[in-house]
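Subject: Structure handover

Hi,

Here is the structure I promised to pass on. Please have a look, then read my notes below.

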Amino acid sequence: MENFYHPLFADASFSYEESDIIIFGVPYDGTTSYKAGARRGPDAIREMTYNFETYLPRIDVDLSGLPVCDLGNLEIDCLPDLVIGQVEGTVRDIAADGKFPLLIGGEHSVTVGAVRALSPECYIVCDAHLDLRDEFGGSAYNHACVTRRVLDLGVEEIFIIGARSGTGEEYEFVRNNSKITIYSPEDIGIMGMDSVLDEIEGKISGKKTYLSIDADAIDCCLTPGLGTPEPFGLRPEDIRAIVDRFGPGCCGFDYVEVCPVDNGQTAAVAAKIIREFIGLKNKD
Ligand code: MN
Ligand code: MN
């Protein structure tokens, strides 16, 4: 019999029961404010995974044969608070089975569900935006409010890497909140990424940590498939360094906000980073 193509993440064909890492997509972009399309992010990323070799030379891991399952895409509701509830329930189930949840967005708001389910002590996010609005467009669960909702959940420390966009009020909020540390691309240029990662590692030291990658942390001139593009950002290598450092120890991981309106660059970086994340997690 010939092989048949299926639209799941490449090298993630084990059953749920057999797998340690459980991937699922959340094709939601209901609160998108600028360019819609992040709902097609999960499948664009999956499609791109078939472009890559199964062997990752930098990590010296072959992904074929690793116990990873892709559940597919969540059949989602419409309103952001309902979708977040669906994500929360799914992540709760996966964690209760002793497995690791790997979420592919969709817009950033979906992260709130995963954080709610896992109750981490620390939250590391790569994002161009502070996402600290208390409300936007009539909803407290808008993609512009993600970090604020995470803070509300009682997370002790929040690190926003690549931040370069927010309102005056959001920046004022950061200045008055000792739990939030931001590293702009300029800060990282001055300190060096290694020093930034060392500083964060010192503060989280063994605490339960969630890692979220908003694709727009990367400079939109490099990866333009974004709902809210921002120039003067990070490079794909920076995201890789962050995932190298904090991926192996984190309790949950997501890659969100890929809006495949480009020539595939943004999905390619996302797919590669997610594959390296899986490789690193399995090396432990
Ligand atoms: Mn965001
Ligand atoms: Mn963003």
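Which strands and which helix do the buried residues of H2 pack against? They pack against strands S1 (21-26), S4 (68-73) and S5 (100-105), and against helix H3 (111-118). Keep in mind that this is a predicted model.

More on H2. The helix covers residues 80-96. Its buried residues are Pro-80, Val-83, Ile-84, Val-87, Glu-88, Thr-90, Val-91 and Ile-94. Residues three or four places apart in an α-helix point the same way, because there are 3.6 residues a turn. At 1.5 Å a residue, the 17 residues of H2 should span 24 Å, and the end C-alpha atoms are 24 Å apart, so the two agree. Just after H2, Gly-98 has a positive phi of about 75°.

Next, the cores. The largest nonpolar core has 53 residues. Phe-253, Tyr-255 and Ile-278 make the most contacts inside it. Helix H9 (residues 265-283) gives this core its largest share, 9 residues. A second, separate core holds 35 residues, including Tyr-16, Val-87, Ile-94 and Ala-114. Val-87 and Ile-94 are also among the buried residues of H2.

Setting aside neighbours within four places in sequence, Tyr-255 contacts Leu-103, Ile-104, Gly-105, Ile-213, Ala-215, Ile-218, Val-269, Ala-270, Ile-273 and Ile-274.

Asp-127 and Asp-216 link distant parts of the chain, 89 residues apart. Asp-127 sits in the loop between strand S6 (122-126) and helix H4 (146-152). Asp-216 sits in the loop between strand S9 (209-214) and helix H8 (236-246). Both Asp-127 and Asp-216 are buried.

Last, Arg-148 in helix H4. Is Arg-148 buried or exposed? Its relative accessible area is 18%. The cut-off for buried is under 20%, so Arg-148 counts as buried. Beyond four places in sequence, Arg-148 touches Asp-131, Leu-132, Arg-133, Asp-134 and Phe-173.

Best wishes

Conventions:
Residues numbered from 1 in each chain as written. Chains lettered and ligands numbered in written order. Predicted model: local features only at pLDDT ≥ 70, side-chain atom pairs only at ≥ 80, totals over all residues. Heavy atoms only, no water. Helix = DSSP H or I, 4+ residues; strand = E, 2+ residues; numbered from the N terminus. Buried < 20%, exposed > 50% of the residue type's maximum accessible area, 1.4 Å probe, protein only. Contact = heavy atoms within 4.5 Å. Core = buried A, V, L, I, M, F, W, Y, C linked by side-chain atoms within 4.5 Å. Expected span 1.5 Å × (residues − 1).
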